[in-house]
Amino acid sequence: MDTSRIYEEFPAPDYRGAQEQALSDIKAAFDAGNDVVLVRAPTGSGKSLLARAIAGCARRAGSGDPTAPARAYYTTPQVSQLDDVAGDRLLDDLSIIRGKNNYSCILPGETDTPVNQAPCAREREFDCEVKHRCPYFSDRTIAANQSIAAMTLAYFMQTAGSDVFGTRDVVVIDEAHGLGNWAEMYATIDLGPDTVPFWDDAEPPAIDDLDDAVEYADYLGTLADRRLEELRGNAELTPEEVAARDRLNELRSDLNWFAEEYRDPEASTTWVVDQPDGEGTRVTIKPMSPERYLNHTVWERGQKFALLSATILNKEAFCATVGLDPDTVALVEVPHTFPVENRPLYDIAQGKMTYEHRDETLPGIARSVVRIMQHHPDEKGLIHCHSYAIQDQLYALLSDFGVDSRLRTHDSDDRDGQLGAWKRADDPDVFLSVKMEEALDLEGDSCRWQVLCKAPYPNTRDSRVAHRLEEGQWGWYYRAALRTVIQACGRVVRAPEDYGATYLADSSLLDLFERARHDMPDWFRDQVDRMTAPGLPAFAPGEALGGQSSATTRRRSRRSRSRSSGSSSENHPLSDVWD
């Protein structure tokens with residue numbers, strides 16, 4: 001890594017805010033001998049541009065020792081973040097590669113077939129005459145040979161050990177605050193009708209402990225091997241058989257890893273197992289400390305690492321969750337250059353939004369939302385509903401007040417489409433969202449105000465969360481919620497001249513600020529210290545319609561929720577953050 005190039009590799013024509021100082025601090029941190037540099041940079045500070053400058057310092061192929069790793073990876077957990085990079089002309093030299101299912105085959109008669117189900121995946125020894133023009137293999141070849149290969153964290157982890165994407169000199173991870181949680185999520189083994197192709201022939205007994213789980217995993221592994229042998233005997237597979245084969249390979253790999261880790265006395269991974277509905281139902285096997293998983297999929301993939309986020313709140317705690325030695329890790333703090341008065345927090349707390357208090361609190365929140373709509377009659381707003389249950393209840397209450405003609409909603413199937421339609425619309429509509437606290441850019445008139453309905457604590461029904469709290473890891477619990485709140489607060493103020501208000505409706509948010517104050521970045525603590533009660537107009541729903549009439553027929557359709565039968569997603573510790 002040649003950090004002397006960090007300024008010339010910065011892709012913008014000039015610096016904004018504290019970017020130049022940030023590059024200087026990052027350079028100094030690497031020059032001091034640190035293998036990993038954490039960059040805590042607030043929303044709107046241009047993290048992607050900083051990331052590009054760091055990646056540009058990677059050793060160039062062909063210089064020096066030909067066996068030494070060269071070039072760089074750029075990766076992010078968020079698909080939307082990668083989409084933003086793809087659309088940024090300042091980052092057009094990043095070579096983006098996505099998973100096979102994002103590309104379509106170009107063979108005649110197969111143009112509606114994703115590459116992961118194309119003839120090359122279905123037929124043994126299939127010789128594709130147009131492989132050199134295949135959009136997936138073309139992008140993969142380009143990314144493998146260019147200076148900076150860009151991909152999602154999921155694809156990056158999946159390609160660990162591949163000949164195509166081997167070790168590089170520099171790895172840059174954007175939006176890295178949830179790296180430990182993402183690793184736990186990717187490493188989780190979910191056994192159910194949708195993940196085990198032969199589930200009807202192998203429904204589990206009652207799984208009472210990890211010994212039972214290992215025994216069941218061994219049994220499934222044996223059945224998976226038999227089924228794979230049967231599929232290998234077919235000269236050609238149907239698309240359904242290809243999908244089954246891929247699931248079987250993934251299943252066998254996961255089960256073997258779990259069994260080996262559990263039986264290895266030297267392994268550091270702690271496991272928990274859930275089967276909440278008993279014999280014959282879904283089983284979830286979850287790692288508590290995925291250090292070995294991250295070591296293979298991330299830390300062995302590079303020599304120097306830069307991890308960027310607005311919400312890496314505690315260096316030592318972060319290092320502990322991802323298996324890093326804090327003595328080889330530096331933290332660079334990038335100051336916030338957006339005026340604090342442009343990003344105010346307002347206290348409209350109506351009570352607690354825990355499950356047992358929700359029915360008492362939500363009517364007050366609904367009335368406050370109407371008053372906020374009156375206060376912002378011509379400006380778009382965003383409501384962070386936290387869950388679809390809250391979204392449904394809040395929509396019903398607001399409809400009773402007659403303001404639903406100004407509302408938009410989404411469900412789990414059409415979230416991106418409804419979000420895009422709301423952003424494109426000129427009307428001052430209010431979007432009732434679920435799990436959109438991160439990776440959402442609402443600069444300018446896209447949105448001028450937002451409401452946080454509930455403190456986003458991790459789900460205590462998840463066994464990993466319960467296990468940590470039993471061990472007294474309350475600091476982790478509060479930091480997890482604080483990260484999401486800070487991420488949410490950054491959605492509506494994206495530039496120094498931008499402005500937007502955030503209203504806090506759950507009294508538990510105020511309690512969170514007290515408990516996690518020592519982990520707050522200085523710039524967010526300034527926001528909290530300036531928090532006041534807003535001067536809202538008296539409750540008058542007719543004045544909340546933004547110039548519309550209550551008889552307006554421009555109603556937003558309500559779609560049925562898409563729920564996977566027997567899914568354990570509601571018990572996932574990240575269910576409060578990601579869908």
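Predicted model: local features only at pLDDT ≥ 70, side-chain atom pairs only at ≥ 80, totals over all residues.
Let's start with strand β5, residues 168–173. Six of its six residues are buried, so the strand is largely enclosed by the rest of the structure. Buried means under 20% relative accessible area, exposed over 50%, and partly exposed in between, with a 1.4 Å probe and protein chains only. Strands here are DSSP runs of E, at least two residues, and helices are runs of H or I, at least four, numbered from the N terminus.

A word on the model. Which strands pair with β5? Strand β2, residues 72–76, pairs with β5 in the parallel sense over four bridges. Strand β9, residues 302–309, runs parallel to β5 and is joined to it by five bridges. Pairing takes at least two DSSP bridges. Ala 72 has Val 170 of β5 as its bridge partner. Arg 168 has Gly 302 of β9.

Next, Asn 234. This residue sits in the loop between α8 (210–232) and α9 (239–263). Beyond its neighbours within four places in sequence, Asn 234 contacts Arg 124 and Glu 241. Contact means heavy atoms within 4.5 Å.

Last, the second largest pocket. Its space is about 660 Å³. The lining has 29 residues, and Arg 16, Gly 46, Ser 48, Asp 441 and Arg 494 lie nearest the centre. A pocket is an open set of points on a 1 Å grid, with protein on both sides within 12 Å along at least five of seven lines; lining residues have an atom within 4 Å of a point.

Notes. Residues numbered from 1 in each chain as written. Heavy atoms only, no water. 1 Å grid on protein atoms, 1.4 Å probe; cavity = no way out; pocket = protein on both sides within 12 Å on 5 of 7 lines; lining within 4 Å. Points joined across faces, edges and corners; volume = space filled by probe spheres on them.
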